[in-house]
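Let's take a walk through this protein together, one region at a time. Have the viewer open and follow along as the residues come up.

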Amino acid sequence: MAYISIYDATPLDEHQLTALLQPTDHYWTYCRDQIALDNLHPESEIISVFIGSTVTREIIERLPRLRLIACRSTGYNNIDMAAAREHGITVVNVPSYGERTVAEYTFALLLSLTRKLQATTQAVQAATYDQAAIMGTDLAGKTMGIIGMGRIGRHVAGIARAFGMEVLVYDPYPDETAARELSVELVSLDELAGRSDIISLHSPYTGDNHHLINDAFLSKAKSGAILINTARDELVDTRALIDALRTGRLAGAGLDVLEGEQLLKLDKELQVLNKDTLSGKTSAQSLQLDVLKRFANVIITPHNAFNTIEALERINRTTADNMIRFWYGETPNAVSAPDTRPGKLVIARHGESEWNAEGRWSGTRDVHLSEKGFHEAALLGQAVSDIQFDIAFTSQQIRTFETMSGMLDSIQQFDVPYRRDTALNERDYGEYTGLNKWQVKEKLGEDVFRHLRRDWDYPVPGGESLRMVYERAVPFYRQVILPELLSGKNVLVVSHGNAIRALVKYIEDISDEGIGGIEMLFGSILIYDVDHDGRMQHKRVAHIRTTPPNA
């Protein structure tokens with residue numbers, strides 16, 4: 001008998017799954033919320049989640065008896081597959097349930113756009129309309145470009161042919177036999193962009209195709225084309241899409257998935273807005289959603305293409321079968337992700353601040369960069385221009401944010417999402433904050449001054465020791481930064497001398513006594529390859545030409 005926890009459960013899910021599991025001796029509970037740390041049951045041996053739930057490493061580690069994650073979806077990029085593999089947990093999915101369902105929805109979006117159904121129904125409700133303003137276009141004779149020739153893509157091709165459309169298909173692994181059977185033409189991505197009146201996405205997200213629909217693709221698109229996305233939000237660069245709609249390059253878009261789609265729910269947006277810190281990525285997504293809603297030629301739906309009674313019954317039937325058969329040693333729909341090499345970890349200290357230039361201890365005080373510091377930020381960026389960053393982290397102090405921005409701007413990586421967190425703040429120097437450190441040295445004596453600045457657990461009146469910095473910086477590194485690295489992302493961390501020494505202590509496994517020999521990072525950048533524990537496997541140091549601050 002297994003203890004099963006079923007999340008994201010609707011009343012229909014509860015009705016269908018109860019009937020399917022009733023003949024077994026398993027015990028199951030339902031939770032209508034997404035999975036989270038505060039609604040876990042430690043006895044769970046199986047958890048089942050829908051696409052809205054993200055199963056993180058921390059969640060997996062809080063469930064010591066967990067043996068199976070049953071996704072009620074085809075996609076499983078909401079699961080930390082590396083953590084599941086490390087803990088011996090099997091992941092299963094529903095490989096086939098809604099090919100026709102999603103294909104039909106694709107044309108529901110398309111026909112709504114080509115026949116201007118939104119404007120037409122609004123005109124009827126207003127009891128006044130201009131026939132010319134609600135004039136549509138035929139699908140017959142148009143060219144549909146399908147990206148992804150899997151099960152859904154093939155059904156879309158069949159429906160398009162029935163409408164009398166010419167069909168082009170791009171797939172990185174083309175099936176020529178299926179293309180002949182469906183009477184479609186296999187083309188390159190560029191050719192599809194240039195010839196298609198309608199572009200419809202039906203490709204899985206692999207990471208390699210992140211923002212496949214971007215500025216470069218849309219610049220080659222046929223003027224007046226329509227984009228339909230019922231596949232994955234990560235395939236489309238929302239900023240590029242908005243620009244193409246604004247300029248008229250695209251005549252419309254039907255979006256059942258889009259970046260930041262969780263913010264379509266008011267309660268989710270309110271949760272984000274109530275947070276103490278708001279990431280640049282989340283802020284941008286919220287603004288982009290608001291802009292897209294204002295386009296009359298855009299239809300946005302809330303990840304609803306799968307949502308029919310019949311498709312949900314197929315999902316739940318397969319999920320129940322997956323869970324029941326697993327207990328008898330069968331895993332017909334097991335999935336696995338290939339080993340992902342951790343991304344690069346790049347650590348840089350902020351450029352010279354205005355107080356650094358005066359020889360004063362800044363600590364947690366907010367002090368801007370000096371003119372020299374802004375110049376150093378640009379040089380630091382150019383020193384790692386060979387690395388494409390996926391995400392960045394800084395402290396809450398403005399000087400690290402200014403350094404990060406200067407680095408990324410100097411190498412034209414303007415859209416890197418970032419997070420600012422107190423865990424990466426500089427050491428609190430307590431009573432010494434704002435004082436000239438050389439005057440403090442003269443007052444305390446060289447030995448005490450050296451212990452104060454470098455030792456592992458030397459007390460600071462009203463402030464923090466390096467050990468205290470370590471105790472906040474390293475858990476943040478392991479719990480927040482490391483999962484990004486393990487997913488293959490290249491991560492930039494811009495922090496302060498002591499916070500960096502704390503991170504280096506963990507990453508390079510330096511003893512309490514040995515940390516005293518690690519100097520502050522000036523004019524250098526640390527570039528690490530790390531293992532699955534976040535420890536150093538290889539280290540490279542890049543240097544810039546500058547002089548140490550007066551600190």
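Is V480 buried, partly exposed or exposed? Keep in mind that this is a predicted model, and start by finding V480 in helix 19. Its relative accessible area is 22%. Since buried means under 20% and exposed means over 50%, V480 therefore counts as partly exposed. Leaving aside its neighbours within four places in sequence, V480 is in contact with F393, R419 and P475. For a sense of distance, pick P95 as well: V480 and P95 are 385 residues apart in sequence, and their C-alpha atoms lie 31 Å apart in space.

Helix 19 bends by about 40° at Y477. Just after helix 19, you will find G488 with a positive phi of about 100°.

Y477 also leads us to the largest nonpolar core, which has 33 residues. Y477 is among the residues with the most contacts inside this core, together with L345, I347, I481 and V493. Several elements give two or more residues to this core: strand 14 (345-349), strand 15 (391-394), helix 19 (466-486), strand 17 (491-495), helix 20 (497-507) and strand 18 (524-530). Which of them gives the most? That is helix 19, with eleven residues.

Leaving aside its neighbours within four places in sequence, I347 is in contact with V493, I500, L503, I507, L521, I525, L526 and Y528.

Next, turn to a pair of helices. Two packed helices are described by the angle between their axes and the distance between those axes. Helix 17 (residues 437-444) and helix 18 (residues 446-454) pack at an angle of about 130°, and their axes are 6 Å apart. The two helices are therefore oblique to each other. Helix 17 passes helix 18 in a right-handed crossing. Where they meet, helix 17 brings K437, W438, V440, K441 and L444, while helix 18 brings E446, V448, F449, L452 and R453.

Our last stop is S73, in the loop between strand 4 (68-71) and helix 3 (81-86). With a relative accessible area of 3%, S73 is buried. Leaving aside its neighbours within four places in sequence, S73 is in contact with I51, N93 and V94.

How values were computed
Residues numbered from 1 in each chain as written. Predicted model: local features only at pLDDT ≥ 70, side-chain atom pairs only at ≥ 80, totals over all residues. Heavy atoms only, no water. Core = buried A, V, L, I, M, F, W, Y, C linked by side-chain atoms within 4.5 Å. Buried < 20%, exposed > 50% of the residue type's maximum accessible area, 1.4 Å probe, protein only. Helix = DSSP H or I, 4+ residues; strand = E, 2+ residues; numbered from the N terminus. Contact = heavy atoms within 4.5 Å. Bend = angle between axes of the 7 residues up to and from the residue. Axes fitted to C-alpha atoms, helices over the stretch in contact; angles between N-to-C directions. Parallel < 35°, antiparallel > 145°, perpendicular 65-115°, else oblique. Left-handed = near helix turned anticlockwise from the far one by under 90°.
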